[in-house]
Amino acid sequence: MTVAQALMTFLANQWTVDGDTRERTIAGTFGIFGHGNVAGVGQALLQLHTDEPGLMPYHQARNEQAMVHQAVGYARMRRRRATFAATASVGPGAANMLTGAALATANRLPVLLLPSDTFATRVADPVLQQLEHPHDPGMQVTDAFRPVSRFFDRVQRPEQLFSIALAAMRVLTDPAETGAVTIALPEDVQAEALEVPEEFLQPRDWHVRRPVPEPEELARAVEVIRAAKRPFLIAGGGVLYSGAEDALRAFADATGVPVGATQAGVGSLPWDHPRYVGGVGATGTTAANALAADADVIIGIGTRYSDFTTASRTAFQHPGVRFVNINVASFDAYKHGTPFPVVADARRAIEGVHAALEGWQVGPEYAQRIAEEKSRWDAVVDRALAPTGGDLLGQPEIIGAVNAASDPTDVLVQAAGSLPGDLHKLWRVRDPLGYHVEYAFSTMGYEIAGGLGVRRAAPDRDVLVLVGDGSYLMLHTELVTAVAEGLKIIVVLVQNHGYASIGHLSETVGSARFGTKYRAQDPETLDFVEERFVPVDLAANARSYGVDVIEVAPGPDAAGDLHAAVRRAKQSSTTTLIHVDADPLRYGPDGGGWWDVPVAESSTLASTREAREDYERLRTAQRPLLG
């Protein structure tokens, strides 16, 4: 077999086993072919498709970055048990996958990348699209994957394939190590033949490790929690990846401990659970942030404690706050210098803590405060989601209309801009897998491609993709893939005529929305004139791809029309894009969180000097070391 034939056949026979669940680790391969992979991986995929149809499905993509996003969306929806491979050609094809690789690694989500590389033999040197570094002739585009991959290797000789492929599978299926796994494939080596041991090609099971807590670690954690007067639990993505939502619900019901969620952890409890107080941190709710600020013990489960979760380390203000960090990865379990790490699977750790705390509950005064904070915030959300009757919808109204039109098992997909912040506070999630916001790397352009990955993973659910015009313009071409393969998603395109999120941030740092609006430029002054909107018709763009389009006209009935449009799209069997004009200056309610974005310390602009004063005041609450 050639190296490519052996690799693709090997991948087709790898299985992930997680308890009673067994599924294909690599569900298929996305690919865009060029001279670097058409005769290697491309030929191998054709041969498999011809000889054993369905063994390794191939899916065409329109952009290399987008096919990685599809794989990531699929992996998250499958709770990291399965993903896709993605193959790209030499040079620009490979380089286009770098953003996707970084996204996967930042989110701790598995994806297998197979970028092509230049000739290992260097028989034709330099080849088309090869880099040339006089100081290091062996350095190529694929070397750029090293810092953004969890695992990287290059098959320089055919005989190396066996050990590299097995090592790659180990990382893909390890919950503590997973991320982007990159195997660089020189274009000549891909097509080179070798003798392949039959056992290499046989079905192989990879059992997902679900480690139980060490007794000593568990005992220390339980002692700290039992002594707490005002504990607060932060549910991260690890809760969902381990399938721990039922265990968390039982723990919260029994103990009364309030639960806040990171972006990745939303869905760990339904929005109306009496102990769920919403998102925590910079984009969190007033309820979660007030309780977190006063908490004497923070129980972090499956969270990596990003600056949004910790509100840039201003969220936790109790002078003696202690952290019990439960995480399958020791790297995250030891954050904030905690002396109380629990390195274990989230579900098994929650069950262990729950059993050890049998009969223990938070005090009645704290329980009453939790209920009051939740009630106050729920009332704020009710007001924010209600239609106002204005000509242009605010973002909260858009969220309200879409949320009300959705069904409990629908999946919301979003990634970047101001929408993640408002969704973290306002979206009322009813299903553990109903909220899919990529916010570890916050990648503009993820939404449509990621939504297709979700749809592939859950064909029985409707996928609602919310995307602003800025992110849509970054990467919308996978709508063609949706049409070509008959993959239905519902895209709600929010037309802000610019970058709404960064425009708002620009104001807070004293930069007056400079460079954030889509306007035509005056050729003499070089200013982007406020009144000259760029005449781009994004609804027509989507329609040209073969997508069904519904345009919601501005006016006092726009919220009701948007609700009806979503319901109509849900009845359709094809991809629908709903275009709605929005007022980018109408924001969601403030949740009391802060995000550290430094402001210029010296400026001739009064707006910047004022912003610097605010920045100096706000950062006085920051605690550089919490442990």
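## Stop 1: a cis proline

Select Pro 126, which is found in the loop between β6 (111–117) and β7 (151–154). Bear in mind that this is a predicted model. The peptide bond from Asp 125 to Pro 126 is cis, with omega near 5°.

## Stop 2: two residues with positive phi

Go to Arg 80. This residue sits in the loop between α3 and β5 (83–88). Check its backbone: phi of Arg 80 is near 70°, a positive value in a residue other than glycine. Is Arg 80 buried or exposed? Arg 80 has a relative accessible area of 14%. Buried means under 20%, so Arg 80 is buried.

Next, select His 336. Its place is the loop between α12 (330–333) and β15 (340–343). Here too phi is positive in a residue other than glycine, with a value near 65° for His 336. His 336 is buried, at a relative accessible area of 6%.

## Stop 3: Gln 70 and its surroundings

Select helix α3, residues 64–77, and pick out Gln 70 within the helix. Gln 70 is buried, and its relative accessible area is 0%. What does Gln 70 touch, leaving out residues up to four places away in sequence? Show Phe 30, Ala 449, Leu 452, Gly 453, Arg 456, Glu 478 and Thr 481: Gln 70 touches each of these residues. Then zoom in on Arg 456. The side chains of Gln 70 and Arg 456 make a polar contact at 2.9 Å.

## Stop 4: helices α1 and α2

Color helix α1 (residues 3–12) and helix α2 (residues 41–51). Two packed helices are described by the angle between their axes and the distance between the axes. For α1 and α2, the angle is about 55° and the axes are 8 Å apart. The two helices are therefore oblique to each other. Turn the view to follow the crossing of α1 and α2, which is right-handed.

Now show the side chains at the contact. From α1, pick Ala 4, Gln 5, Met 8 and Thr 9. From α2, pick Val 41, Gln 43, Ala 44, Leu 45, Gln 47 and Leu 48. Which classes of residue make up this contact? The contact of α1 with α2 has 6 nonpolar residues, 4 polar and no charged ones.

## Stop 5

Val 38 lies in the loop between β3 (26–31) and α2. This residue is partly exposed, with a relative accessible area of 45%. Leaving aside neighbours within four places in sequence, Val 38 is in contact with Phe 33 and Gln 43. Gln 43 also takes part in the contact of α2 with α1.

Now draw a distance from the C-alpha of Val 38 to the C-alpha of Ala 191. The two atoms are 9.8 Å apart in space, while the residues are 153 apart in sequence.

## Stop 5: helices α10 and α13

Select helix α10 (residues 245–255) together with helix α13 (residues 346–356). The helices pack at an angle of about 25°, and their axes are 9 Å apart. Angles under 35 degrees count as roughly parallel. That term therefore applies to α10 and α13. Their crossing is left-handed.

Show Ala 247, Leu 248, Ala 250, Phe 251 and Ala 254 in α10. These meet Arg 347, Ile 350, Glu 351, Val 353 and His 354 in α13. By class, the contact of α10 with α13 holds 7 nonpolar residues, 1 polar and 2 charged.

## Stop 6: Val 380

Move on to helix α14 (residues 364–385) and select Val 380 there. Val 380 is partly exposed, at a relative accessible area of 21%.

## Stop 7: Thr 516

Finish at Thr 516, in the loop between α20 (500–508) and β20 (519–521). Thr 516 is buried, with a relative accessible area of 5%.

Then show Gly 498, Tyr 499, Ile 502, Gly 503 and Ser 506. Thr 516 touches these residues, not counting those up to four places away in sequence. One of them, Gly 503, is 13 residues from Thr 516 in sequence and 5.4 Å away in space, C-alpha to C-alpha.

Conventions. Residues numbered from 1 in each chain as written. Predicted model: local features only at pLDDT ≥ 70, side-chain atom pairs only at ≥ 80, totals over all residues. Heavy atoms only, no water. Helix = DSSP H or I, 4+ residues; strand = E, 2+ residues; numbered from the N terminus. Buried < 20%, exposed > 50% of the residue type's maximum accessible area, 1.4 Å probe, protein only. Polar contact = N/O pair within 3.5 Å; in protein donor to acceptor, adjacent residues only side chain to side chain. Contact = heavy atoms within 4.5 Å. Axes fitted to C-alpha atoms, helices over the stretch in contact; angles between N-to-C directions. Parallel < 35°, antiparallel > 145°, perpendicular 65-115°, else oblique. Left-handed = near helix turned anticlockwise from the far one by under 90°. Nonpolar A, V, L, I, M, F, W, Y, C, P; charged D, E, K, R; others polar.
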